[in-house]
Number of protein chains: 2
Amino acid sequence: MDEDTIILQKPLSQLIADQIKARIWNKEIQFGERLLETELAEKYDVSRSTIREAFKIMEIEELVVSQARKGTYVADFTDQDVAEIIELRTLIEASAFMKAIPRLKKKDFQELDKIMEHMKVGADKKDWNELFDLDMKFHSYVVNLCGNSRIIKIYDSLQVQIRTFLMHLDKYYSSHQSFYDEHKELLEALVSTDTETVKERVKNHIEYVEEKLLGVNQENNKLEPEEV
Amino acid sequence: MDEDTIILQKPLSQLIADQIKARIWNKEIQFGERLLETELAEKYDVSRSTIREAFKIMEIEELVVSQARKGTYVADFTDQDVAEIIELRTLIEASAFMKAIPRLKKKDFQELDKIMEHMKVGADKKDWNELFDLDMKFHSYVVNLCGNSRIIKIYDSLQVQIRTFLMHLDKYYSSHQSFYDEHKELLEALVSTDTETVKERVKNHIEYVEEKLLGVNQENNKLEPEEV
DNA sequence: TTAATGATGAATGTCGACAATCGACATAAA
DNA sequence: TTTATGTCGATTGTCGACATTCATCATTAA
């Protein structure tokens with residue numbers, strides 16, 4: 001272990017789960033890779049029980065999959081998985097955004113504006129990592145206003161999954177600037193408070209992520225790939 | 001424990017989770033009740049580790065909620081929770097049904113017809129328990145055709161939750177016969193394969209469950225309550 | 001050569017015990 | 001009486017060890 005500070009209050013298993021999650025994001029652990037209880041227990045200097053609990057936590061977040069007596073594996077995001085996640089996200093987010101519209105107060109727009117300012121900086125710095133963080137913040141902020149804790153929970157889980165497979169791509173079919181512009185348009189739709197406009201823009205926005213970031217449906221797409 | 005047959009192949013923790021779930025359905029365990037690891041370990045004659053694992057399994061199904069160092073509690077379905085679950089179900093099911101329509105084959109309709117026949121028998125016997133089982137089968141069958149494993153998973157979890165709080169009501173604002181009729185109409189809509197018709201009927205159907213079974217929005221409802 | 005069988009090591013499932021923490025009650029101070 | 005503090009039992013968190021199951025590979029028979 002890097003540190004042995006005595007923080008606690010959170011269970012060790014939760015901390016371990018966070019560490020493993022970070023490792024996956026950093027590509028130190030690959031998709032589909034098997035996670036061995038014994039090995040990780042030794043690595044983090046904790047017991048196997050603790051690792052097991054950490055696995056369960058990550059299983060709830062759908063970051064790992066475990067089969068009885070077959071072991072625990074990091075989720076493997078095939079094209080099929082990505083398509084499923086995006087379909088579900090579209091469904092959930094379009095609905096949540098529409099429910100959020102009438103609840104948007106002045107201070108909410110101020111908050112969203114602030115995120116957009118940071119995103120502008122991130123775009124100038126061409127920092128995808130920061131842009132993705134702000135992207136998550138932006139969308140989560142609106143979805144959190146929908147008032148349905150179960151929808152919010154599912155959405156959070158989807159965000160983690162999306163973030164995870166985005167981190168594992170080695171190039172994106174979009175510029176940092178247009179990523180910013182996309183969110184700017186989405187915000188303008190929200191300001192209009194017109195449900196149909198918002199619904200359309202959310203769907204377009206997610207389509208954008210699918211096509212321009214992931215590069216799927218490239219046969220219909222003439223853009224030149226940009227390096228990250 | 002009732003039996004000590006040596007089945008296995010499934011982890012003990014999974015079997016324990018099933019048993020506890022059954023106990024909740026049978027009202028032997030109340031909503032919001034605290035589940036003590038020690039007590040259950042003794043009751044089922046297993047170690048606390050096993051009970052802990054069972055809790056995690058139920059947590060994934062959202063049947064229990066656990067807070068670090070505060071314990072694990074059976075989910076408490078407040079009116080707010082029920083509203084959230086139904087909202088989510090409407091969203092998910094309407095979408096899944098529409099995606100399922102073009103995939104419905106002859107043998108699928110035969111299967112659904114068979115379920116309806118059983119439901120007719122259940123309605124004649126005025127057996128809510130059986131009707132609810134068949135209701136779950138009917139809806140799950142169609143949703144399973146949608147092709148998105150994540151949507152199916154969420155739907156399964158919702159079914160379990162709905163089934164759970166339905167079992168805890170002591171009366172329903174609907175007759176067994178009209179429960180059957182509702183599904184008959186839903187099936188006819190599917191046969192028509194018209195997306196808009198199906199979408200409408202799914203929403204009406206879930207509204208029906210909400211109003212006629214749960215008795216919410218009774219101010220707009222002149223029906224006399226029927227005993228179970 | 002191929003398929004079936006059996007032995008061996010590795011990994012998961014389960015266990016009981018100890019450690020850390022929480023909640024409730026009793027006691028004391030204001 | 002009310003609030004604060006300290007003790008103690010109860011409960012969860014973590015641990016290391018044993019039991020069971022799985023996967024691999026060598027061996028053997030066809």
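This is a predicted model: local features need pLDDT of at least 70, side-chain atom pairs count only at pLDDT 80 or more; totals for chains, interfaces and linings use all residues.
The size of an interface is often given as the accessible area lost when the parts come together. The contact draws on 31 residues from chain B and 31 residues from chain A.

Side chains of opposite charge can pair when their charged atoms come close. Between chain B and chain A the rule finds 11 salt bridges, and one that the reader can locate directly joins A:Arg150 to B:Glu84, where the closest N and O atoms are 3.1 Å apart. The count of residue pairs in polar contact across the interface of chain B and chain A is 18, with both residues of each pair at pLDDT 80 or more. On the side of chain B that touches chain A, the elements giving two or more residues are helix 3 (48–60), helix 4 (79–100) and helix 7 (149–167) of chain B. Of these, helix 4 of chain B supplies the largest share, with 10 residues. Sorted by class, the side of chain B that touches chain A consists of 11 nonpolar, seven polar and 13 charged residues.

In chain B, three strands form an open sheet in the order 1-3-2, with antiparallel pairing. Its edges are strand 1 (34–35) and strand 2 (64–67) of chain B, each of which pairs on one side only. Strand 2 of chain B pairs with strand 3 (residues 71–74) of chain B in the antiparallel sense over four bridges, and B:Ser66 stands opposite B:Thr72 in strand 3 of chain B. Helix 3 of chain B lies across strand 1, strand 2 and strand 3 of chain B, and runs at about 120 degrees to strand 2 of chain B.

Salt bridges can finally be considered for the structure as a whole, which holds 34 of them over all chains. One of these lies within chain A, where A:Arg89 forms a salt bridge with A:Glu93 and the closest N and O atoms are 2.8 Å apart. Both A:Arg89 and A:Glu93 belong to helix 4 (residues 79–100) of chain A, and they are separated by four residues, about one turn of the helix.

Conventions. Residues are numbered from 1 along each chain as its sequence is written. Chains are lettered from A and ligands numbered from 1 in the order in which they are written. Side-chain values use heavy atoms; hydrogens and water are left out. Contact means heavy atoms within 4.5 Å. A salt bridge is a side-chain nitrogen of Lys or Arg within 4 Å of a carboxyl oxygen of Asp or Glu. A polar contact is a pair of N or O atoms within 3.5 Å; within protein, one must be able to donate a hydrogen and the other to accept it, and residues adjacent in sequence count only if both atoms are side-chain atoms. Ala, Val, Leu, Ile, Met, Phe, Trp, Tyr, Cys and Pro count as nonpolar, Asp, Glu, Lys and Arg as charged, and the others, Gly among them, as polar. Two strands pair if DSSP finds at least two bridges between them. Axes are lines fitted to C-alpha atoms, for helices over the stretch in contact, and angles run from 0 to 180 degrees between N-to-C directions.
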